Number of protein chains: 2
Amino acid sequence: LSYAEFGDPVTQLRFEEAAEAPLGRDQVRVRMLAAAINPADINQVQGRYASQPPLPAVGGNEGVGEIVEAGPNVDPAVARVGQRVVFGTSQMGTWSEFVLAGQDQVLVLDDDTSVEHASCMMVSACTAYRMLHDFVQLQPGDIVLQNGATSAVGRAVIQIAKSMGVTSVNVLRRERPDLEGTVSELRSLGADVLAFEEDLETREGLRQLRAQLDRPVHLALNCVGGKSATNLTRLVGQRASLVTYGGMSLRPTQLSTAKMIFEDLRLFGYWMTRW
Amino acid sequence: LSYAEFGDPVTQLRFEEAAEAPLGRDQVRVRMLAAAINPADINQVQGRYASQPPLPAVGGNEGVGEIVEAGPNVDPAVARVGQRVVFGTSQMGTWSEFVLAGQDQVLVLDDDTSVEHASCMMVSACTAYRMLHDFVQLQPGDIVLQNGATSAVGRAVIQIAKSMGVTSVNVLRRERPDLEGTVSELRSLGADVLAFEEDLETREGLRQLRAQLDRPVHLALNCVGGKSATNLTRLVGQRASLVTYGGMSLRPTQLSTAKMIFEDLRLFGYWMTRW
């Protein structure tokens with residue numbers, strides 16, 4: 001699936017047959033088994049992303065495949081034909097039947113990782129993992145707050161937090177299709193507390209949420225921006241870190257100056273590509 | 001100068017005579033020589049500050065005075081009658097003829113510190129010093145960017161940056177009384193680059209400013225908030241820290257999500273009282 005110009009993915013993306021590319025001496029040829037579609041991939045096709053591939057480009061930044069050919073210089077201890085791999089770098093053009101990758105760009109999988117999990121573990125799950133580890137030293141019983149809880153990263157945050165013994169407070173929008181199904185799905189993933197955006201906008205909503213928490217929130221994760229980011233700051237305690245990894249609302253974040261100065265609120269951005 | 005209720009300083013502050021308070025065994029009595037009036041002092045009288053004294057209260061959080069009496073438990077190695085002192089804690093009620101202070105609340109001055117400098121060195125100058133040291137490791141030749149350059153903190157930043165060999169880029173409003181006099185005064189303090197808010201709002205203004213700088217800006221200091229804080233973020237480089245220590249515009253800061261994620265912009269608050 002390639003595109004020759006940036007723009008609406010629906011009109012720009014074309015299914016194209018391409019001749020088999022010659023394999024470099026340090027490269028492996030990977031037959032793709034599955035590839036994820038992340039919001040960042042869409043933004044990249046739109047030309048609205050921080051990193052842009054040279055055009056024409058093949059879409060897709062992550063996925064899982066099987067090595068079907070290896071160049072003569074490829075170290076068999078690193079990668080061999082028949083192994084399943086994911087990619088350690090972005091802009092691989094994973095929305096393709098075959099991908100050429102340097103031997104230092106592939107990560108060989110255990111046999112017991114499913115194709116489904118492998119196809120989307122490098123971006124969303126890694127983003128979730130790093131955000132839960134790089135900014136605040138979380139202890140079991142600590143609390144992480146996030147908006148966009150239904151996103152792929154949000155679901156990964158719920159599960160990783162659960163495995164760490166960390167309580168997750170998950171904010172979602174009330175007006176969404178199949179709210180009941182979504183809520184029970186997030187609960188089944190391990191979501192401890194569910195809240196709606198409106199809950200964070202009233203004193204009573206905030207009071208009820210705080211009553212469910214036995215300690216202050218020191219880490220909040222934001223992929224929405226705009227009013228939703230402001231809402232998150234209402235529920236955090238002193239010296240909390242708000243980590244922004246997305247801005248799905250396409251609106252800038254409004255930030256209370258007093259909150260920053262007197263409550264020592266800190267703001268960071270997280271970009272998997274830079275990590 | 002005391003106040004019985006929070007509100008407009010002009011109407012709430014009253015000049016009052018009070019009986020001499022009894023001196024505690026661990027206390028010194030300080031005859032005030034000079035006391036500063038900081039924006040935070042005004043906000044405190046207005047009842048709009050994060051920390052509020054019990055009412056009625058005497059205004060003023062910093063100043064310099066001479067010890068005229070010492071309780072029997074005061075260690076002469078720490079404080080003696082005749083010494084000039086400033087205060088290491090806030091809410092001392094320095095807008096007064098005499099102040100009682102614990103021996104651990106006073107800092108004895110060198111003889112060669114003038115009363116004028118001593119009266120206002122604990123809040124503004126210390127804020128400037130700490131902000132230049134606590135967030136980014138500045139090297140000679142590095143650049144610090146600030147708005148509110150004409151404030152007491154702003155002037156201290158200019159001078160301390162100069163002494164560190166750090167270039168200061170100073171943003172002020174064009175529409176202000178005696179612009180010419182202000183500009184030449186800031187230059188005489190050591191301001192390297194002067195810029196107007198409007199310069200940061202146009203491509204051409206930004207281009208001209210960047211042309212004057214030989215490296216990216218990694219530290220920006222904000223005491224205004226609102227649009228001015230957004231303006232500062234336009235001129236900073238990758239992984240810059242924006243430190244907010246005031247919000248004179250009384251407006252929240254609007255923050256670009258992309259700037260945070262892709263350029264790793266970090267935001268911190270600074271509050272001298274917490275340091």
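How far apart do the end C-alpha atoms of residues 8-262 of chain A lie?

1. The end C-alpha atoms of residues 8-262 of chain A lie 44 Å apart. This span is 31% helix and 25% strand, where helices (H or I, at least four residues) and strands (E, at least two) are DSSP runs numbered from the N terminus. An unreviewed UniProt entry annotates residues 8-262 of chain A as "domain: Enoyl reductase (ER)"; such annotations may be inferred rather than shown by experiment.

2. The model is predicted: local features need pLDDT of at least 70, side-chain atom pairs count only at pLDDT 80 or more, and totals for chains, interfaces and linings use all residues. Residues are numbered from 1 along each chain as its sequence is written, chains are lettered from A and ligands numbered from 1 in the order in which they are written, and side-chain values use heavy atoms, with hydrogens and water left out.

3. Contact (heavy atoms within 4.5 Å) links 26 residues of chain B with 26 residues of chain A. About 2,300 Å² is buried between the two chains, 62% of this from carbon and sulfur atoms; buried area is the accessible area (1.4 Å probe) that two parts lose on being put together, summed over both.

4. Two salt bridges cross the interface of chain B and chain A, a salt bridge being a side-chain nitrogen of Lys or Arg within 4 Å of a carboxyl oxygen of Asp or Glu. Arg274(A) and Asp264(B) form a salt bridge at 3.6 Å, N to O. On the side of chain B that touches chain A, strand S13 (253-255), helix H9 (257-262) and strand S14 (266-269) of chain B each supply at least two residues.

5. Strand S13 (residues 253-255) of chain A runs antiparallel to S13(B), joined by three bridges; strands pair if DSSP finds at least two bridges between them. Thr253(A) has Leu255(B) as its bridge partner in S13(B).
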